Amino acid sequence: MNRNGTTEDTTRTAAGTPADLLYATLPGPLGDMLLVGTESERVPGGTALVSLSLPGQRGRAGVRAGWRHAPDAFGPAARQLAEYFDGRRTVFDLAFAPSGDAFERRVWDALESVPYGRTTTYGALAERLGVPRGEVRELGAAIGRNPLLIVRPCHRVIGADGTLKGYAAGVARKEQLLVLEGALQPPLPLP
């Protein structure tokens, strides 16, 4: 559901329609990642990322008829994701296809400013964006609709009490990402 209460195909963008999208599946430590993109002559590498989703993710894009399997189109994304998971990359430099409404884009832009290895809270993010206290839930919903997991770091937003609140791909994956980035200590093994 979008903010207006209607459903929307998150893979439809101003740059492309579902029928002309490219996709690839990349293995990773959180499971196979589905990358969806659209060709763009204005983007270095020629592909703007529409979505990056993980197995079991709420609202995950599914490959559709007419999409073209094009692993080579995602070379820069694959390289940067491998570097991230190896601990050699802290910032992504990828082109994203435009999506979301104006409020979602504002929230998603703010997510990109949360530094690697750090976290922020829903309340702090709302305050920074000037979102009234009564609309923090709407901010959380916009974060939950982020179509670009990992590369647009919604996993860095936690509860005010320090707990890991919601993540479209599951709180366990959120925890893995925060441990990888050093923002969270790994759980101690049981004796």
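Strand β2 (residues 33-39) pairs with strand β3 in the antiparallel sense, over six bridges; two strands count as paired if DSSP finds at least two bridges between them. Within this predicted model, local features need pLDDT of at least 70 and side-chain atom pairs count only at pLDDT 80 or more, while totals for chains, interfaces and linings use all residues. Residues are numbered from 1 along each chain as its sequence is written, and side-chain values use heavy atoms, with hydrogens and water left out. Strand β3 spans residues 47-53 and is mostly covered, with seven of its seven residues buried; buried means under 20% relative accessible area, exposed over 50% and partly exposed in between, with a 1.4 Å probe and protein chains only.

The pair belongs to an open sheet of four strands, ordered β3-β2-β1-β4, in which the pairing is mixed. Because β3 and β4 (68-69) stand at the edges with a single partner strand each, one side of each is left without a neighbour in the sheet. Helix α1 (residues 75-85) packs on this sheet and touches β1 (22-26), β2 and β3. The direction of α1 makes about 145° with that of β2; axes are lines fitted to C-alpha atoms, for helices over the stretch in contact, and angles run from 0 to 180 degrees between N-to-C directions.

Helices (H or I, at least four residues) and strands (E, at least two) are DSSP runs, numbered from the N terminus. Of the 191 residues, 43% count as buried. Among contacts with a separation of 6 or more, 59% come from residues 24 or more positions apart, where contact means heavy atoms within 4.5 Å. The chain exposes about 10,000 Å², of which carbon and sulfur atoms supply 52%; these areas come from the Shrake-Rupley method with a 1.4 Å probe, and for residues only the protein chains shown count as cover.

Turning to the helices, two packed helices are described by the angle between their axes and the distance between the axes. The axes of α3 (residues 122-129) and α4 (residues 136-144) come within 10 Å and cross at roughly 105°. Helices α3 and α4 are therefore roughly perpendicular to each other; angles under 35 degrees count as roughly parallel, over 145 as roughly antiparallel, 65 to 115 as roughly perpendicular and the rest as oblique. In this contact, Tyr122, Leu125, Ala126 and Leu129 of α3 meet Val136, Leu139, Gly140 and Ile143 of α4. The contact residues of α3 with α4 comprise seven nonpolar, one polar and no charged. Here Ala, Val, Leu, Ile, Met, Phe, Trp, Tyr, Cys and Pro count as nonpolar, Asp, Glu, Lys and Arg as charged, and the others, Gly among them, as polar.

Helix α4 also packs with α2 (residues 102-111), at an angle of about 75° and with the axes 9 Å apart. Helices α2 and α4 are therefore roughly perpendicular to each other as well. From α2, the residues Phe103, Glu104, Val107, Trp108 and Leu111 meet Glu138, Leu139, Ala142 and Ile143 of α4. The contact of α2 with α4 holds seven nonpolar, no polar and two charged residues. Glutamate 104, in helix α2, counts as buried at 4% relative accessibility. Leaving aside neighbours within four places in sequence, glutamate 104 is in contact with Ala142 and Arg145.

Several loop residues complete the picture. Proline 55 sits in the loop between β3 and β4 and is partly exposed, at 26% relative accessibility. The C-alpha atoms of proline 55 and methionine 33 are 7.0 Å apart, across 22 residues in sequence. Not counting residues up to four places away in sequence, proline 55 touches Leu30, Gly31, Asp32, Arg60 and Arg173. Threonine 90, in the loop between α1 and α2, is partly exposed at 41% relative accessible area and, with the same exclusion of residues up to four places away, touches Tyr116 and Arg156. Isoleucine 150 lies in the loop between α4 and β6 (157-158), where it has a positive phi of about 70° although it is not a glycine. At 1% relative accessibility, isoleucine 150 counts as buried.
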